[in-house]
Number of protein chains: 2
Amino acid sequence: MDYVFSERAKNLKPSAIREIFKYAADPEVVSLSAGNPSPEAFPSKEIAEISAKIFAENPTSVLQYSVTEGYTPLREYLKDYLKSSQNIGSEKDEILITSGAQQVMDLCSKALLNEDDVVVCEAPSFIGSLNTFRSYNGRLAGVTVEPDGMNMEELENALKSNKNVKFIYTIPNYQNPSGVTMSLEKRKKLYELALKYSVLILEDNPYGELRYSGEPLPSIKSFDTEGIVIYAGSFSKVVAPGLRVAYTVAPREIFQKLVVCKQGSDVHTNIWAQRICYEFIANYDFEGHLEKLRSIYRKKADFCMELLDKYAPKIKYHKIDGGLFIWCSLPEGTDMPEFCKTAVENKVCVVPGNAFLTDENQSSQCFRINFSTPDDVQLEKGIKILGKIADEYIK
Amino acid sequence: MDYVFSERAKNLKPSAIREIFKYAADPEVVSLSAGNPSPEAFPSKEIAEISAKIFAENPTSVLQYSVTEGYTPLREYLKDYLKSSQNIGSEKDEILITSGAQQVMDLCSKALLNEDDVVVCEAPSFIGSLNTFRSYNGRLAGVTVEPDGMNMEELENALKSNKNVKFIYTIPNYQNPSGVTMSLEKRKKLYELALKYSVLILEDNPYGELRYSGEPLPSIKSFDTEGIVIYAGSFSKVVAPGLRVAYTVAPREIFQKLVVCKQGSDVHTNIWAQRICYEFIANYDFEGHLEKLRSIYRKKADFCMELLDKYAPKIKYHKIDGGLFIWCSLPEGTDMPEFCKTAVENKVCVVPGNAFLTDENQSSQCFRINFSTPDDVQLEKGIKILGKIADEYIK
């Protein structure tokens, strides 16, 4: 039988990153391509303890069906926590627990995107989200990321020239892949422009808590008096990604639609994992844990940048103060795809920059490296190899 | 701001069952409306033991990101288990682990349904699946369920008269809500008709292992030499639903598309829960556990049918030999919605039959009761009340 797929699905491809993972599975390969948190960052002991306690006290509570909205104590705790720590959420908002932040993108697409509706996003942006928008036939309009965030003239042009813009997708902190943090001024401007053109903002903040230095900037959601921002937060980078627990803070009417969509997607998120997240953030030293994470990643990020300076001076990169990624660029005229291919042949995987563009066929001089997954020995080995290849390619 | 939802989502409503759950939350109300497995059926002790072992040996393995396809040992075990026990799966098929069987419906809809494509389904059928098909703008064409399954003439008419039928959705064993098991003859006929009209079959089998008596019938997937059947199985009813672990056995090309769609939906299913399911079915006495479940539910089903015979003789029902639901009917001319409303006022919740129809506004004389959630005392109390109301309504 010839299988005929839906219009939305027929052109979907596995993400380029996944394809690279196949090489990365080779134990001899240094993978700088993943985005995995460092295993030493997982609060394994605490999770084991919480899990044992749940099973000793009331196993049925994590084994029976639960409600779509999410575990009530977790929703209530997050409501207070986000409000008091970051001024996120108002009386007009509700919190929905999701199966990873990827599901926030999926549910928002399902609830909001019609055929050929436009999603304005950063260029480059997170490939996983772009693929989700594509999987609902959303059209992507990319806006150049500058060292302080989206170019605001380009953004306004995109909002003006595209009909049916449904939302602006942004990762304002330590953006994946560019590592860029949007300035306060641009955050305010972005909110203003969204209001002016009556479009929603989908603010994705998986790395916000992984700030290594400086003061945190307020989230766009914290300005949201008009109910136009859907905020996505996640436990993947601050507790553990295998749990698949994240959340969205959304205006009530949108929340209600997302709940109905989630009912049809997976009924509810694994309830044991929701309990783990709740008990850990409410009853353990979550702030201390975040400090520990920041210190682990600060060290790793600094080490990675030192290695780049030392062994690969011809590779330019955006200096980061948070997140898990470093965005590197090769001089104009260098064949980036060939560079990345040579790297793989020399057993180092990085992600070619065009994978993060709204059109993968556009050219790019950039590639992304991740420093949280490899250990220091691997990282040094990998960057040395990249440096050698750069010396050959860049005259 | 006026929120404008997508065409697919704007008419979605929370399921009628969920609305009834609000009443059912009142502890004085006897809920015969849920579909929860009995908590005594959960292998809590074993799950606690497996979980403790995982955290003692290798916590990172359940906390790190994992692959979209699912935990490899679980996929491989299921492949052998399904093949040897039920002749499900061939070399043309692959197994994808999903976040509940609801996600199989979601991913199949995403991958296969275009605007206005038709899903042929049983009438009545499982409301959760119908809502998922609706959420991708699928049109539903219902085929009457007879005591031995779909009416085959109606099915052929539906396939003939509807353009763009994409798949036939069927629950062949102890169908929810009707309790009906499709005969072997009709299973074969259904497969033939699907082949003849070049449509796929989506076979949903959550209750297949909950057979109380008689010999199991072969699944439709077991005849599938041509690669037209997508089979959905679940651990919700045989291990625990809060885990949200299910699976699909699908022709490779479809599997690949489902994997890409799942990547955009939730990246992968909670990996701890996948490990729990794997260890439990592979290393514990799963057959013995299933026997225990069957004995629990057989007793509860028999008790419920005895109560109906004794206290509510005016309510007719379909005798069941498996599953969790009993489908009741009131004589022609009885006002079923009023009957159900009076039941709620008398603190018994059942689900009105029209909730399970392709058009909820159609009239129905039926309602569904569930016997697995309430204990014996509640069940007796609830059926007695239903019997009294029936005596008032049915002269």
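What follows walks through the sheets, the chain contact and a few local backbone features of a predicted model. Residues are numbered from 1 along each chain as its sequence is written, with chains lettered from A and ligands numbered from 1 in the order in which they are written. Because the model is predicted, local features need pLDDT of at least 70 and side-chain atom pairs count only at pLDDT 80 or more, while totals for chains, interfaces and linings use all residues; side-chain values use heavy atoms, with hydrogens and water left out.

Chain A first. Its eight-stranded open sheet runs in the order 2-9-8-7-6-3-4-5, and the pairing is mixed. Helices (H or I, at least four residues) and strands (E, at least two) are DSSP runs numbered from the N terminus, and two strands pair if DSSP finds at least two bridges between them. At the edges sit strand 2 (93–98) and strand 5 (149–150) of chain A, each pairing on one side only. Strand 2 of chain A goes antiparallel with strand 9 (residues 246–251) of chain A over six bridges, and in that pairing Ile95(A) faces Val249(A). Helix 10 (residues 252–266) of chain A packs on this sheet, touching strand 2, strand 7 (200–204), strand 8 (229–234) and strand 9 of chain A. Contact here means heavy atoms within 4.5 Å. The direction of helix 10 makes about 25° with that of strand 2 of chain A; axes are lines fitted to C-alpha atoms, for helices over the stretch in contact, and angles run from 0 to 180 degrees between N-to-C directions.

Over in chain B, an open sheet of four strands has the order 10-11-14-13 with antiparallel pairing. Its edge strands are strand 10 (316–317) and strand 13 (351–352) of chain B. Strand 11 (residues 325–329) and strand 14 (residues 366–370) of chain B are joined by five bridges, with Trp327(B) opposite Arg368(B). Helix 12 (residues 286–311) of chain B packs on the sheet, and its direction makes about 15° with that of strand 11 of chain B.

Now for the contact between the chains. Chain A and chain B each put 78 residues into it. The buried area is about 6,300 Å², with 57% from carbon and sulfur atoms; this is the accessible area (1.4 Å probe) that two parts lose on being put together, summed over both. There are 42 residue pairs in polar contact between the chains, both residues at pLDDT 80 or more. A polar contact is a pair of N or O atoms within 3.5 Å; within protein, one must be able to donate a hydrogen and the other to accept it, and residues adjacent in sequence count only if both atoms are side-chain atoms. On the side of chain A that touches chain B, helix 10 of chain A gives the largest share, ten residues.

Two salt bridges (a side-chain nitrogen of Lys or Arg within 4 Å of a carboxyl oxygen of Asp or Glu) link chain A and chain B. One pairs Lys110(A) with Asp106(B) at 2.7 Å, N to O. Over all chains, the count is 35. Within chain A, Asp117(A) and Lys166(A) meet at 3.5 Å, N to O. Asp117(A) lies in the loop between helix 6 and strand 3 (118–123), and Lys166(A) in strand 6 (residues 165–170) of chain A, so the pair ties together parts 49 residues apart in sequence.

A cis peptide bond joins Ala123(A) and Pro124(A), with omega about 10°. Chain B has a cis peptide bond between Ala123(B) and Pro124(B), omega again about 10°. Asn87(B), not a glycine, has a positive phi of about 55°, and belongs to the loop between helix 5 (72–86) and strand 2 (93–98) of chain B.
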